[in-house]
Amino acid sequence: MDHDDAPAAGSESPLARARSLENSSRPAEAEAAVRPLAARAARVLPRLLARLVREASGEGEAPRSRYWTLLEFDPFRRAFLARLARRPADLGRVASAMRAALDGDPARNAVRTLLGDVLLVQGKQAAAERLAKDAFRRGRTGGEDSRFRLLLRLVDRGRYGRALERSVLARLWEASPSDRLLVEWSQFYSALMCTGRYRAAFRVAEAVLDKLGRFESLLPLQWPWWRRVGRAVNEERFLARELQRLRAASRSGRFPHWFAYYRAVLSGQLGRLREALAEFPRLARLAPNRYSWMRQAFVPVHLERLDFRGVIAACRAVLRHAPDQWWVRCRMAEAYLALGDHAEALRQLRRARAGADPRVVREVLTWHGEVLLWLGRYRAALRLLDRAIRLGATTFVYGWRGAARLKLGDAEGALEDLDRAIELDAKDIEAYVWRGEAHRLAGRYAAALRDLDRFLESQPDCCWGLFNRGLVRAELGDDAGLAADLAAVPRGVDLAVRRRLDLPDDRALTAAEQRALATAALELGRGIRRWEPYLYPIWLGRDGRPVERDARRRARRGAGGP
């Protein structure tokens, strides 16, 4: 891998493809894309090491940044070290060369972090931690990406002692706005939370608050376990276990408000609404300028209780001190939508877009597009979702764009998007019901049943899966299966749709009537295929109020309310 055959960063297609995959949160694929390049580097290791040492020390006329830039790209670094790990002697040669370079110039951080990663591969974690501490010392520059990644790898391995912590916190305090540690602090925070180092994580968050005065985004604080568990969907065991660990850790020591916040978050996710609401008094006493954002923990709790006025009050309490918190404003828009005030809901969504940081506008566009989908404004939804994708959005956006395309008659485009949604996130359960519906409408009944069965495993009483699967079964001549699926639809939904069709409430329906009911319900639902009860009034109007009231009574019983 000499001067002529080493690719400049971003110029060779495998490297460019790897960068694109890394930016799309697909690190394993990014690493696979650069493995051939890493193999070439390993084959010419002696020449490569000589060049690295010369570049590190500033000797020679070779471009100083070429090889170190390549090694600063984490997928290449991982692939390169994985290749060398097969030959321990080569790892030793790299370690010796980097030590020699550091002896020549101890300020070279890129050298220090590469040596730290080699030591980790060799199992010498304590030595790697000492190097990381030195890499974060005040005045150290260079290797910002690799030192941050080394820190994450150490934390993942349980290596984050007090000396390293002091060095990192000091660096965080003096960091410039572009410093990787400050820009991506939420990754570091998540790593600490995932390894149960709660107080260390809270010290980092408090340091960020001291530095910036506020959090630019609340999303990393809502689900800080994302590095281990992407989302809370179907993760009840993890939620219960983490809540138990948090309770045990919070019995003594500092940061009671942070522990209370996360007890509320996890209790709400588990549907233990009374336990979540019991944490409110502790958080309500905190200084609002600094901590009002913690009240966001109660927004989904009020929403699950179908207390829409409570949602709006909690959102306004946060927005009073942080008016640009787009997630909170979008949740408030949903509450207005459930109350029937569509104009105010759309106004809040527009305000969320106007006030959002440019880096998150794509997420707000995605949410706004989903709401337009719910309201049956499919072309407007498609325009916003197209814009979100052009800006790099990936979360949920392909599923909802696929839904908009399906409603506009583009079945093949819809399936392409829905396949992409599930490829990106297998937990995107809503994409399965939409794809099942697309397959049903195209007459692909076996594929439709696979998707709808998968959806109903997760949401067994969701009417959208039941209506769709019932219609598939009917097309296959299984009228008994149609009747069984419709019998599982929540009674209030069944009655509301019957009234829309002037069907009697007090007798069993014929197979033809059942087909008509399921078809009409899917049309009434417009672009809604989610299962939360607060959406009933949006698609059923006044007929949805009894369904909503019944769901509210069930939710309040679960919360211990009246």
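**Close-up 1. Asp494 and Arg498, a buried pair in a predicted model.** Asp494 and Arg498 are both buried in this predicted model. The two form a salt bridge, and their closest N and O atoms are 3.0 Å apart. Both residues sit in helix α32, which spans residues 491–500. They are 4 residues apart, so about one helical turn separates them.

**Close-up 2. Arg499 and Asp505, joined by their side chains.** The two side chains meet in a salt bridge, at 3.6 Å from N to O. Arg499 is partly exposed, with 43% relative accessibility. Asp505 is partly exposed too, at 32%.

Close-up 3. Glu513 belongs to helix α33, residues 511–524. Is Glu513 buried or exposed? Its relative accessibility is 18%, so Glu513 counts as buried. Setting aside neighbours within four places in sequence, Glu513 touches Leu503 and Arg507.

**Close-up 4. Arg78 and Glu31, a salt bridge between two helices.** The closest N and O atoms of this pair are 3.0 Å apart. Arg78 lies in helix α5 (residues 74–84), and Glu31 lies in helix α2 (residues 27–43). Glu31 is buried, with a relative accessible area of 14%. Arg78 is partly exposed, at 23%.

Conventions
Residues numbered from 1 in each chain as written. Predicted model: local features only at pLDDT ≥ 70, side-chain atom pairs only at ≥ 80, totals over all residues. Heavy atoms only, no water. Buried < 20%, exposed > 50% of the residue type's maximum accessible area, 1.4 Å probe, protein only. Contact = heavy atoms within 4.5 Å. Salt bridge = Lys/Arg side-chain N within 4 Å of Asp/Glu carboxyl O.
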